[in-house]
Amino acid sequence: MTSGEPARSAGAVLRPFRGLRYDPTRVDLAAVTTDPLDPVDTVGVAATLARDPHNVTWLIEPLLGGPATASPPGAVSRRLSTWRDQNVVRHDRRPCLYVYRYRGARGTMLGLVGAVPLVPAGNPRILPHERVNDAVVERHVALLDATRAQPEPVILVHEESPTVRVLLARVASSAPAVTFATRSATHPSSDVEHSLWLVDDPARQLDLDAALAGRALLIADGHHRQAAFARYAAQHRSAASPHGPWDFGLAMLVDAGDPGLWLGSVHRVVPDLSWVTVTETPGLETRALPDAASADRFLDRAEPDGCFVVTDGRTWLAAWPSRLPPARDGTRFTVRNFDDEWLRSWGVPGGTAAHGPDGALAIAAAERTGGLAILLPAPELSCVFDAARRGRLLPPKSTAFGPKPRVGLVLRHWPAGLDDLTAAPATGVSVPATAASPSAPRSPRG
């Protein structure tokens with residue numbers, strides 16, 4: 001902590017930082033930011049990269065393409081340096097917390113962006129609920145090591161706090177620093193409004209941090225990013241340098257009681273799976289459904305326990321276990337039963353089934369591969385929290401939290417000589433006098 005920094009508790013939940021942001025007078029924010037991308041959506045990734053040469057996806061491209069085609073991490077680092085030299089992106093002059101508002105067809109959600117301490121493993125404050133793939137984590141670490149940048153936040157859902165919601169609403173009642181609209185990915189006929197406020201007042205920052213103190217934080221999205229942040233920090237932590245900007249992770253916190261927050265399912269696609277294999281699976285009960293609407297109603301009721309729907313887009317089959325094994329931790333999840341029991345019985349290696357939160361895309365993928373789509377019901381948020389507290393991890397890609405923030409609105413970056421947690425740049429790093437200031441909001445171009 002620097003001498004000019006306000007006192008913070010040892011258990012501080014969120015630290016302000018000097019965010020790296022696009023200059024809206026030089027770029028179109030709608031073109032250089034993006035909705036979160038999935039590596040399996042190769043068409044969507046390619047289209048986003050082609051949208052603008054400064055799109056934030058170019059900073060995470062090695063994580064989205066195959067190892068043979070992706071840019072090396074060093075090239076991404078040089079790319080980011082060039083953008084900074086051209087003032088396409090600039091650090092804010094003072095450490096800030098950032099309030100983000102998503103306003104779309106499914107409602108409005110407020111999130112709080114800051115730097116979360118990467119506490120030692122085992123601390124119950126940050127709770128994972130999904131397992132991670134170590135090879136994927138290592139790819140994240142390699143990119144982080146080369147760029148010293150965190151372009152995409154981990155999404156953390158905290159226990160309900162009316163105080164936090166009131167404080168965020170108070171910030172969002174003023175004019176935002178930037179606001180712009182994009183076309184909704186889930187409702188193509190409507191727009192989504194993205195707005196950002198900069199909280200640079202130390203007193204208000206401390207009020208927000210105090211309101212969050214003691215609350216468990218559930219990793220809703222970004223388990224691989226969080227694991228990479230922690231592994232990278234452990235590699236750089238030493239007796240000579242016990243603390244630094246690398247010891248924090250970019251995160252957006254969302255209140256579990258926010259009316260705009262939703263929790264969906266992540267469906268599976270099993271190539272070459274036949275109807276005969278499914279219907280003759282020992283211990284699995286099935287019955288035919290007339291159409292997609294009936295399938296939706298079946299999943300919405302989530303009855304009987306452990307149910308799912310099998311479909312190729314033309315035929316619909318309800319399925320459920322004839323007998324549920326005892327819950328190993330007091331909670332049951334269809335996705336865990338499906339991956340652990342049914343995929344194994346069908347001879348599908350763990351983690352090899354394709355996945356995605358969009359049922360229509362899952363069905364289309366099944367048609368392309370000659371397989372079947374498995375549509376799963378969404379779990380309850382309270383159950384996910386409970387399982388995380390018990391240390392029971394779900395398979396990767398088990399839940400879909402939304403809405404997800406627009407990637408690229410705020411990034412973390414600490415090039416050599418700059419500590420983004422402090423108010424003044426270190427020796428050798430300058431910030432242009434014309435850099436966007438938290439006290440001088442700008443409107444996006446166009």
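In this predicted model, Thr-163, Val-164, Leu-167, Leu-168, Arg-170 and Val-171 of helix 5 meet Arg-204, Asp-207, Leu-208, Ala-211 and Leu-212 of helix 6. By class, this contact of helix 5 with helix 6 holds seven nonpolar, one polar and three charged residues. The chain around these helices has 446 residues, of which 53% are buried, and it contains 12 helices and 20 strands.

**The chain as a whole**

- Of the contacts between residues at least 6 apart in sequence, 80% join residues that are at least 24 apart.
- The accessible surface of the chain amounts to about 19400 Å², and carbon and sulfur atoms account for 53% of that surface.

**Helix packing**

- Two packed helices are described by the angle between their axes and the distance between the axes.
- Helix 5 (residues 162-172) packs against helix 6 (residues 202-212) at an angle of about 155°, with the two axes 9 Å apart. Because angles over 145 degrees count as roughly antiparallel, helix 5 is described as roughly antiparallel to helix 6, and the crossing of this pair is left-handed.
- Helix 3 (residues 73-85) and helix 4 (residues 134-147) have axes that come within 8 Å and cross at roughly 40°, and these two helices are therefore oblique to each other. Their crossing is right-handed.
- On the helix 3 side, the contact with helix 4 is made by Pro-73, Gly-74, Val-76, Ser-77 and Leu-80, while helix 4 contributes Ala-142, Leu-143, Ala-146 and Thr-147. The residues of this contact of helix 3 with helix 4 divide into six nonpolar and three polar, with no charged residue among them.
- Helix 4 also packs with helix 7, at an angle of about 55° and with the axes 8 Å apart, an arrangement that makes helix 4 oblique to helix 7. The crossing of helix 4 and helix 7 is right-handed.
- By class, the contact of helix 4 with helix 7 comprises eight nonpolar, four polar and five charged residues.

**Two buried residues**

- Gln-226 belongs to helix 7 (residues 223-236) and has a relative accessible area of 12%; since buried means under 20%, Gln-226 counts as buried.
- When residues up to four places away in sequence are not counted, Gln-226 touches Leu-118, Ile-126, Val-154 and Ile-219.
- Leu-250 sits in strand 11 (residues 248-255) and is likewise buried, with a relative accessible area of 1%.
- Beyond its neighbours within four places in sequence, Leu-250 is in contact with Phe-17, Val-113, Gly-114, Gln-150, Pro-151, Glu-152, Pro-153, Val-154, Phe-229, Val-410, Leu-411 and Arg-412.
- Leu-250 and Leu-14 are separated by 236 residues in sequence, yet their C-alpha atoms are 9.6 Å apart in space.

**Backbone features in loops**

- Most residues other than glycine have a negative phi, and most peptide bonds are trans.
- Arg-148, a residue other than glycine, has a positive phi near 50°. Arg-148 lies in the loop between helix 4 and strand 6 (149-150) and is partly exposed, with a relative accessible area of 34%.
- Asp-272 also has a positive phi, of about 65°, although it is not a glycine. Asp-272 is placed in the loop between strand 13 (267-270) and helix 8 (275-279), where it is exposed, with a relative accessible area of 67%.
- Gly-402 and Pro-403 are joined by a cis peptide bond, with omega about -5°, and Pro-403 lies in the loop between strand 19 (399-402) and strand 20 (412-413).

Technical notes
Residues are numbered from 1 along each chain as its sequence is written. This is a predicted model: local features need pLDDT of at least 70, side-chain atom pairs count only at pLDDT 80 or more; totals for chains, interfaces and linings use all residues. Side-chain values use heavy atoms; hydrogens and water are left out. Helices (H or I, at least four residues) and strands (E, at least two) are DSSP runs, numbered from the N terminus. Buried means under 20% relative accessible area, exposed over 50%, partly exposed in between (1.4 Å probe, protein chains only). Contact means heavy atoms within 4.5 Å. Axes are lines fitted to C-alpha atoms, for helices over the stretch in contact, and angles run from 0 to 180 degrees between N-to-C directions. Angles under 35 degrees count as roughly parallel, over 145 as roughly antiparallel, 65 to 115 as roughly perpendicular and the rest as oblique. A crossing is left-handed if the near helix is turned anticlockwise from the far one by less than a right angle, and right-handed if clockwise. Ala, Val, Leu, Ile, Met, Phe, Trp, Tyr, Cys and Pro count as nonpolar, Asp, Glu, Lys and Arg as charged, and the others, Gly among them, as polar. Accessible areas come from the Shrake-Rupley method with a 1.4 Å probe; for residues, only the protein chains shown count as cover.
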